[in-house]
Amino acid sequence: MRTNYFMYYKPWTVIPMIGFFFLGITAFHEVAPASILFLGFFYLIDRWLWKFPPFSWIFVIDNFSGTYEGKQECFIRRDNQIRKVYLDIKVIIAQTGSNIVVNAFYNNHKEVSSNSHSTFCVITKTEDEQHFKIIYQYAKEGSRNLDAHFGTSIIKVIKEKRECYLEGTYYTDQQLNPTHGHYIRLKRTSRRTSHPS
């Protein structure tokens, strides 16, 4: 769900874009050709060109797209006891200039977890403005031993030289067995955003 199409654009860039649109109307003497040209160029920027200079300079966010792999620490409450488990997780972030989607995949952990897909996602700066953080709500598919449910994740994106990592926390709304836990320094292993089979 997108709340504001221009959310990640630097404010000073939106006004010139509107200005170029009206200049196009003046040049073509018609709204339709100028609109098609403007929307086509804008679409190219938003979908592909936003990652590369000089277009990346008009955005307030970095490119976090890719596949991240590592461990997730989970605290699972069952029968009034809390059990700690570690799961292998693969997080795939797909991004455009105006939107971000986060998907998480688990292998061989169907008894305690299931794949998830973000339903709402936003990128913001950390309180010290040194890093970015991704805040998102997600829906879990459920499995044989796990009901479908929703959760929230707050992940900090850490860039160190050429490497990129995710760290953060999550919690779920499961009624019978609520869980919470941490993402333990998931490393970006590739720029691929395709889902595993």
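The following exercises, each with a worked solution, concern the predicted model shown above.

In this predicted model, local features need pLDDT of at least 70 and side-chain atom pairs count only at pLDDT 80 or more, whereas totals for chains, interfaces and linings use all residues. Residues are numbered from 1 along each chain as its sequence is written, and side-chain values use heavy atoms, with hydrogens and water left out.

**Exercise 1. Overall architecture**

Task: State how many helices and strands the protein has, and in what pattern they follow along the sequence.

Solution:
- Step 1. Helices (H or I, at least four residues) and strands (E, at least two) are taken as DSSP runs, numbered from the N terminus.
- Step 2. The protein has two helices and eight strands.
- Step 3. Along the sequence these elements give the pattern α-α-β-β-β-β-β-β-β-β.
- Step 4. Of the 197 residues, 41% are buried; buried means under 20% relative accessible area, exposed over 50%, and partly exposed in between (1.4 Å probe, protein chains only).
- Step 5. For contacts (heavy atoms within 4.5 Å) between residues at least 6 apart in sequence, 48% join residues at least 24 apart.

**Exercise 2. Backbone geometry**

Task: Locate the cis peptide bond, and describe the residues Glu-129 and Arg-185 by their phi values.

Solution:
- Step 1. The cis bond joins Pro-53 and Pro-54, with omega about 5 degrees.
- Step 2. Pro-54 belongs to the loop between α2 (31-47) and β1 (66-78).
- Step 3. Glu-129 is not a glycine, yet its phi is positive, near 60 degrees. This residue is in the loop between β4 (116-125) and β5 (132-140), and Glu-129 is exposed at a relative accessible area of 55%.
- Step 4. Arg-185, also not a glycine, has a positive phi of about 45 degrees. Arg-185 is located in strand β8 (residues 179-190) and is partly exposed, at 33% relative accessibility.

**Exercise 3. Aromatic pairs**

Task: State how many aromatic pairs the structure holds, and classify the pair of Tyr-136 and Tyr-138 and that of Tyr-170 and Tyr-183.

Solution:
- Step 1. Rings of Phe, Tyr and Trp (its six-membered ring) pair if their centres lie within 6.5 Å; planes under 30 degrees apart count as stacked, over 60 as edge-to-face and the rest as tilted.
- Step 2. The structure holds eight aromatic pairs.
- Step 3. Tyr-136 and Tyr-138 lie 5.9 Å centre to centre with 55 degrees between the planes, a tilted pair; both residues are buried.
- Step 4. Tyr-170 and Tyr-183 have ring centres 5.7 Å apart and planes at 50 degrees, so this pair is tilted.
- Step 5. Because Tyr-170 is in strand β7 (residues 163-172) and Tyr-183 in strand β8, the pair ties together parts that are 13 residues apart in sequence. Tyr-170 and Tyr-183 are both buried.
- Step 6. Ring pairs also link Tyr-9, Phe-42, Trp-50 and Phe-59 into a cluster.

**Exercise 4. Charges over rings**

Task: For Arg-47 and Arg-185, identify which ring lies under the charged end.

Solution:
- Step 1. A charge sits over a ring if NZ of Lys or CZ of Arg is within 6 Å of the ring centre and within 35 degrees of the ring normal.
- Step 2. For Arg-47 the ring is that of Trp-48, with the charged end 5.8 Å from the ring centre.
- Step 3. For Arg-185 the ring belongs to Tyr-165, at 3.9 Å from the centre.
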